[in-house]
Structures are given as structure tokens and as C-alpha cells.
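This note sets out points for a colleague who is meeting the structure for the first time. Please read the points in order, with the display at hand.

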Protein chains: 2
Amino acid sequence: MHTFPKRVQAIIDGFDALPGVGPKHATRLALYLLDHKDLAKQFASDVESALAAVAFCKECQTVTETELCDICSDTRRDHATICVVAHVQDIEPIERTDKFNGVFHVLHGVVNPVEGITPDDIRTKELLARVKKNGVTEIIFALDATAEGEATVMYLTKTLRDSRLTLSKLARGIPFGSNIEYTDEATLSSALDHREKI
Amino acid sequence: MHTFPKRVQAIIDGFDALPGVGPKHATRLALYLLDHKDLAKQFASDVESALAAVAFCKECQTVTETELCDICSDTRRDHATICVVAHVQDIEPIERTDKFNGVFHVLHGVVNPVEGITPDDIRTKELLARVKKNGVTEIIFALDATAEGEATVMYLTKTLRDSRLTLSKLARGIPFGSNIEYTDEATLSSALDHREKI
């Protein structure tokens with residue numbers, strides 16, 4: 001059985017541990033790095049420099065190089081309205097809609113009983129602390145439309161029930177550009193329930 | 001427009017420069033690293049350590065931590081027969097067949113006129129030098145069955161024509177487990193031309 005030198009294998013294993021990278025792709029990436037040494041050197045130093053300088057915003061938990069992120073330190077934004085997302089990368093598509101002027105809260109995951117991820121493993125405590133202290137009046141859940149996303153919304157809704165907050169979640173319906181023929185029944189059923197008057 | 005802190009963006013750009021990683025995936029990978037600092041630290045240090053210790057085998061050009069790779073330094077192997085591959089990762093599947101006891105030569109790419117990759121940009125010179133000095137008698141080309149792979153075989157065949165070497169390339173045909181219905185005509189045509197007597 002052909003094996004790679006152990007330092008090459010270490011990089012392959014490193015890539016393989018990343019989400020959405022399979023073993024074949026990990027091998028290809030590691031060998032690409034070794035074939036492009038300048039790029040690899042820059043990459044390793046970028047990762048180290050980011051590890052030293054990037055932290056999580058003490059309010060919303062997104063990545064930032066300052067104590068508060070750009071959005072949380074923007075006084076023109078409505079700090080009474082929090083949009084709860086699962087991941088840092090979920091902020092950008094919502095910002096792109098230009099429909100939301102509140103602030104965010106990044107949970108860094110969703111509740112997943114199968115994988116043993118409980119509410120304490122994601123940043124729910126930080127959300128509850130913000131709600132208590134900051135005069136928050138509204139929370140919009142923008143979590144993935146999956147069983148885990150729904151379970152997370154349910155848990156937080158239950159926890160926040162007595163807080164007199166306005167709670168909502170993104171509407172479920174037919175996405176733009178989709179065909180009825182290929183739309184699953186859960187989406188169709190929700191789209192029928194919440195049909196819009198014209 | 002929402003932007004990431006510049007050190008985060010640097011890691012995203014680093015991943016984005018790798019083959020087979022799109023911008024969305026690059027973002028996800030960078031944020032995953034920042035969420036898993038121990039793993040990220042290990043990864044950056046593994047890359048640096050490999051850059052310092054891993055070189056290319058002076059014979060076959062594969063990755064190695066020693067001057068000669070395991071295969072080239074194995075005296076039980078037939079050093080007169082060279083299997084030419086495009087990439088380091090192409091060695092392993094051939095080794096797995098247990099059909100080949102020669103040595104390899106890694107070109108680190110194929111000729112690609114569209115992308116401006118000429119024979120001089122890949123390790124053809126090193127192959128020609130090996131052929132001259134080492135008593136090589138046979139070369140088997142195991143390059144991808146693409147236009148670029150074929151062009152590379154043609155170039156090297158032409159260059160080596162006068163050298164009295166036995167030259168061959170992998171047979172083209174129907175792969176195991178495939179359906180005739182879904183096989184392209186170039187493969188079918190080659191499989192017909194080289195049909196095996198039963």
C-alpha cells in the first residue's frame with residue numbers, strides 16, 4: 001500500500017477534517033499546496049495571523065478584529081431588533097436583501113440531539129443575556145429550514161416566551177425561480193397555509 | 001455590503017485559490033477554522049512544517065521527506081520501466097492494482113495550450129534526463145484520458161521516438177460497472193477497435 005510522507009499526510013488529514021472536503025479532495029488540496037509553496041506559505045501565515053487577531057464580537061458573536069463588529073458598533077442600526085442566525089456566513093445574504101436594519105446574533109450552530117449538540121453547546125446563553133440587558137423588543141429567527149433549525153427555534157421560543165418580545169421566523173414558501181413540480185410537500189403545504197392575498 | 005474583517009477575508013481568499021473550492025465553500029472553511037482554533041493552529045503549523053521538510057524526489061518528482069522517495073529507493077522494483085503520471089495522487093490508484101513493479105515519473109501537470117502550459121512548464125526535462133542516464137527500456141503513459149493528456153503523450157512520444165524505448169499508454173475501454181447506454185462514443189469506439197478475443 002502506497003503511503004504519503006507523514007508531513008504530507010498531516011496536511012491531508014487537516015483538510016480532511018474540514019466540512020465538505022472528502023479524502024480525495026483533501027489529498028488534491030494538500031499536494032496543490034506543496035506544489036505552490038509561496039501560496040502555501042502565505043496561507044499558513046494568514047491562518048496564524050487571523051488566529052491571533054480575529055475574535056468573536058462580544059455582542060453578536062460574529063468574527064471581528066475589534067471588540068464590537070461593524071454592525072454592532074453602528075449606531076444607525078436598530079439595536080432593539082435581533083436577527084438570530086446559525087452561522088457567520090448567514091449574515092451576508094440577509095444584509096444583501098437591504099430589508100433588515102437591526103443587529104444579528106450568531107449561534108455558531110443549531111441544536112442537534114443526534115449529534116449531541118445541546119443549547120448549551122451553541123451561543124444561546126449570550127443571546128439570553130443580550131435580551132435581558134439591552135432593551136431588545138423583537139427577535140427574528142433566520143435559521144435553516146431543517147429539523148435542527150426548527151428545534152432550535154422551538155427551544156429559544158419556549159425559553160423567551162415570558163419576555164414580552166415579538167418573536168418571528170422567516171416565512172416558508174416557494175422560492176423564486178422554482179417549479180411547483182419539484183417542490184416538496186412540506187414547502188407546498190406551508191405555502192398554501194400562508195398564501196398571500198393578491 | 002457586508003464584508004469580513006480583512007484577516008478573515010485573507011483566509012477565505014487562500015481557500016478560494018485552491019482547486020475545486022468555490023467562494024461559498026471557501027468562506028465556510030475559513031469560518032470553520034476560526035471556530036476551531038486548535039485545529040487551525042495545528043493545520044497552519046503542519047503546513048509550515050511540511051513546506052520546510054517535504055521536497056520532490058530527485059528521480060521521480062513525487063513528494064518525499066528524503067532525497068529519494070520510497071519507491072525510487074526500493075531496489076526490488078524494476079527501475080527500467082517508468083510509468084508517467086500527471087499528478088502525485090495518480091500513483092496510489094496504480095499501486096493499488098498490484099500490477100506494476102516499475103517506478104514512476106510525476107509530470108506535475110499536462111500540456112495545455114489553452115492555459116498556456118507548455119512541455120517546459122511540466123517536468124518533461126527531468127523525464128528525458130532520466131531516460132538518457134538510467135538504462136530505461138519501457139515507458140507507460142498513465143495520463144488522464146483527456147485532450148490535454150493525449151497531447152502530452154503525443155509530445156513525449158515524438159520526443160522519445162528515436163530512443164528505442166518501448167512506449168505504451170493505458171488501454172481505453174468500458175470501465176467496470178458502467179452501462180453501455182451511458183458510455184460516450186469516443187470510449188465505445190476505442191473499446192470496439194481494441195475488442196478482446198474471448
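1. Two residues are in contact if their C-beta atoms, placed from the backbone, lie within 7 Å. In these terms, 100% of the interface residues of chain B are also interface residues in chain A, so the copies meet through the same surface.

2. The model is predicted: local features need pLDDT of at least 70 and side-chain atom pairs pLDDT 80 or more, while totals for chains, interfaces and linings use all residues. Residues are numbered from 1 along each chain as its sequence is written, and chains are lettered from A and ligands numbered from 1 in the order in which they are written.

3. The contact joins 46 residues of chain B to 46 residues of chain A. Helix 3 of chain B (37-53) is among the elements that supply at least two residues of this side, and the largest share, 14 residues, comes from helix 3 of chain B. Helices (H or I, at least four residues) and strands (E, at least two) are DSSP runs, numbered from the N terminus.

4. In chain A, 4 strands form an open, parallel sheet in the order 4-3-5-6; strands pair if DSSP finds at least two bridges between them. Its edge strands are strand 4 (102-106) and strand 6 (166-169) of chain A.
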